[in-house]
Amino acid sequence: MNAVIQGVSEALALPASSLYTPRPGELRADVEPGALPEIADRLVAGLGARLASLFATDERVWNAVYALHQIWLLPRHRTFLRVSTRVDPAHPCFLSIAAKHPSANWFEREVMDTFGLVPEGHPNPTPVSLHDDWPDREWTLRKGFPDDRQVPRVSGSSHPFRPVTGEGVFHVPVGPVHAGIIEPGHFRFGVAGEPVLYLQLRLFYVHKGTEKRFERLPWRHGIFLAESISGDTAVGHALAFAHAIERLTGCEPPPRARYLRVVLLELERIYNHISDIGSIATDVAFSVPAAHAQLLRERLVSLQERLFGSRLLRGTVAIGGVKTDLSAAGRDELLAHLGRLKADFESLVTLLIDSGSFTDRIDGTGVLSTGAARDLGVTGLAARASGLDEDLRRDHPHDAYDAFAFVVPVEEGGDVRARLMVRAREVEQSIGILRQALGGLPDTPLRTTPPAELPAFSAALGWAEGWRGPCLHWVETDAYGALTRVKVTDPSFRNWPGLAHAVPGNIIPDFPVINKSFNLSYSGNDR
Amino acid sequence: MFRILARSARTGIVTNPQPLAPRLHRGFPVIDFRRCTACGDCARACPTGAIQIGAADAASPGPSPGTTRTVSLVYGQCISCRECIPACSEAAVTVGGSFDLVAHTREQLIHRASFDVDPASGRATFRQEESVPGPSLAESAQRLTARIRGRFGRSLHVRQVDAGSCNGCELEIAATTNPVFDLERFGIHFVASPRHADLLLVTGPVTRNMEIALRRTLEATPEPRVVVAVGACGCSGGIFGEGTYAALGGVDRVVPVDVYIPGCPPPPQAILAGLFVAMGIREARARPRP
């Protein structure tokens with residue numbers, strides 16, 4: 001680790017003494033408020049760092065300040081770096097990095113919305129998470145704000161949509177209640193005939209106060225809230241939260257649990273990817289493969305109900321391990337099922353990509369270039385479909401991933417086809433991982449009992465590469481060892497700006513299939 | 001083209017002829033009240049407060065002569081996490097196989113028993129169950145079958161509204177349309193607009209930011225209409241609670257609810273069962289008044 005500190009301190013021009021390693025895989029630097037922009041520039045230019053999360057904490061009670069934290073992923077050094085600085089309550093501002101690093105754009109605005117800390121120099125300092133009827137000066141994540149405060153609605157329009165002018169140029173409003181069985185959000189298209197000029201998003205319709213709720217619930221119950229951050233990523237978020245608590249307490253899950261967690265996470269990846277491939281077919285009205293994909297998914301989730309007691313794998317991950325074991329018979333049944341699934345899935349993908357009328361709709365549709373994906377901070381499978389080679393399972397292995405051989409599929413196209421092919425190739429890899437994990441399940445207990453109390457005044461980062469991308473949970477405790485801040489970063493929050501960038505230039509009828517190829521979570525984004 | 005047809009022929013019919021028949025392997029927890037000692041360990045383990053220990057005699061809290069205690073399992077709040085099962089030292093809580101806990105009121109989703117507390121030892125002994133039974137699925141299904149056979153063609157159009165869900169319920173609602181469950185064979189059809197709908201299938205917790213959209217969607221739905229609340233959050237706010245700054249709670253906090261389908265998320269079987277019960281209601285409302 002000393003070599004890492006050495007390398008990072010040289011690249012950032014910081015004294016090595018200002019960097020330290022609270023625990024393996026996490027590096028921390030406390031910097032002066034004025035140094036944020038320069039450090040960000042050096043991180044990106046010198047170390048190829050990617051912004052993974054950015055948030056604030058209210059430390060007025062014990063430190064008399066707010067704090068701003070940036071979590072960076074340093075791929076070359078295989079570590080996360082948390083850059084923290086203080087924010088004076090008398091002058092609640094911090095230096096924005098969003099003008100040069102657009103990946104910080106929404107993060108900084110959310111800090112402004114929820115903490116009232118203003119990002120100085122932000123090119124567009126308008127609310128991102130607050131709706132128009134939210135009053136000024138109500139900052140929900142400040143410590144003085146009780147979670148049951150009934151906030152009155154105010155009238156007004158604090159962030160109007162961008163106007164469009166010209167003959168045949170108009171707005172198309174869509175949502176919040178959509179036409180399908182999907183989550184709510186508002187899309188405002190500026191169109192000239194059919195081609196889309198731009199897409200503006202207004203999300204946060206399903207904001208449930210999840211981060212505030214974590215501060216209220218006993219920490220042991222937090223894992224159930226984590227499962228409900230995004231229902232399709234129950235395992236991903238439960239793992240990220242469990243990892244954070246385990247790293248905080250030094251509780252090490254036994255080997256069998258680490259293998260079974262890989263099994264659960266890969267099953268979640270497979271059922272979602274299959275379902276998305278079917279939905280892409282649905283959105284171009286190709287119903288036979290769509291029905292086949294739904295059938296493959298249903299057979300898998302009903303097997304999950306039989307083996308793990310939950311169709312969507314809820315209640316399977318525990319802090320310190322897993323709750324449900326897999327018997328030898330169950331393992332054999334799952335392996336046999338995966339064999340059939342692999343054959344059926346391959347013929348499904350062949351059916352799709354051999355069909356000219358299908359590839360016509362997906363080739364070159366909704367292109368997100370590598371540069372745009374990198375600048376906007378797009379992550380997970382959407383990033384891999386735009387040529388960015390990143391995957392936490394390989395780069396920052398959690399659970400038992402370092403024990404398995406697999407490749408990370410990367411596609412260069414950035415279009416709907418690339419996102420479909422990344423999914424198809426990932427399913428193949430996941431089946432390979434599952435075969436390795438199921439073939440070598442260690443014979444150990446399922447769970448290490450976590451300590452009764454969390455350590456006071458400590459913080460830890462937990463991560464897991466969910467099917468959509470990295471799920472990050474950063475947790476912090478107060479003087480009594482209770483959770484005082486939980487920052488949840490769902491990959492959707494980083495990818496929505498990428499979707500808004502991929503749509504312009506396409507025609508409105510292609511929007512559903514572009515949207516589905518990203519399949520972002522509204523609930524994970526809005527929390 | 002021929003390959004597509006051949007593939008479909010090879011697959012054959014995969015639809016389950018009796019979608020409600022298979023029991024779940026692990027459904028809701030069930031308390032055997034005869035073994036229960038009303039100690040409250042399960043209530044402390046429950047993350048959503050679905051298990052509640054109450055003093056039936058509110059005027060005299062604490063163990064005093066003649067005190068009774070109640071134990072309630074509120075299925076509307078239960079997320080099937082099964083934390084209560086290992087918490088019980090009497091092995092009174094077990095996993096049930098049922099999913100068809102459809103109800104017309106929140107009260108029907110509560111299984112409750114009262115206990116007599118011995119003032120000397122503090123021991124609680126079971127007195128009686130006090131649950132309010134919900135609609136019987138067998139009855140509703142029978143009525144439905146008769147109706148479909150009798151008047152083929154009348155159908156139920158459903159508009160789904162996500163008023164704050166985590167999207168787990170949406171996944172399971174969408175699964176009711178897959179080839180295995182195929183709810184369209186029962187005359188149930190998902191439509192794109194509330195103006196075409198007979199029934200709103202609402203998931204929650206209703207958020208502050210969706211409250212107005214939900215009210216407007218209801219206004220846009222023609223009478224006679226039925227509202228079905230889906231999921232632990234839709235029934236009670238679930239893990240997100242009720243009355244926070246962002247989550248108002250169950251759907252009935254905002255619009256009147258006719259049918260509750262608990263579960264986190266309820267499996268497709270349960271959603272189908274709930275829709276069958278709701279069809280019965282709509283049938284009654286749509287009948288011309290004498």
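The following questions and answers concern a predicted model. Local features need pLDDT of at least 70 and side-chain atom pairs count only at pLDDT 80 or more, while totals for chains, interfaces and linings use all residues. Residues are numbered from 1 along each chain as its sequence is written, and chains are lettered from A in the order in which they are written.

Q: Which residues of helix α1 of chain A are buried?
A: Helices here are DSSP runs (H or I, at least four residues), and strands are runs of E of at least two, numbered from the N terminus. A residue is buried if 20 or more other C-beta atoms lie within 10 Å of its own, exposed if 12 or fewer, and partly exposed in between, with C-beta atoms placed from the backbone. In α1(A), residues 2-12, the buried residues are I5(A), V8(A) and L12(A).

Q: Which exposed residues does the face of α1(A) turned away from its buried side carry?
A: The buried residues pack against β1, β2, α2, β4 and β5 of chain A. The face turned away from them carries the exposed residues N2(A), A3(A), Q6(A) and E10(A).

Q: Which element gives the largest share of the side of chain A that touches chain B?
A: Two residues are in contact if their C-beta atoms, placed from the backbone, lie within 7 Å. By this criterion, 44 residues of chain A are in contact with 47 residues of chain B. The elements giving two or more residues to the chain A side are α6 (222-227) and α9 (287-308). The largest share, 7 residues, comes from α9(A).

Q: What distance separates the centres of domain 1 and domain 2 of chain A?
A: Chain A is divided into domain 1 (2-120) and domain 2 (210-526), with bounds from an automatic or database domain assignment. In domain 1, 18 residues are in contact with 19 residues of domain 2. Taken over C-alpha atoms, the separation of the centres is 27 Å.
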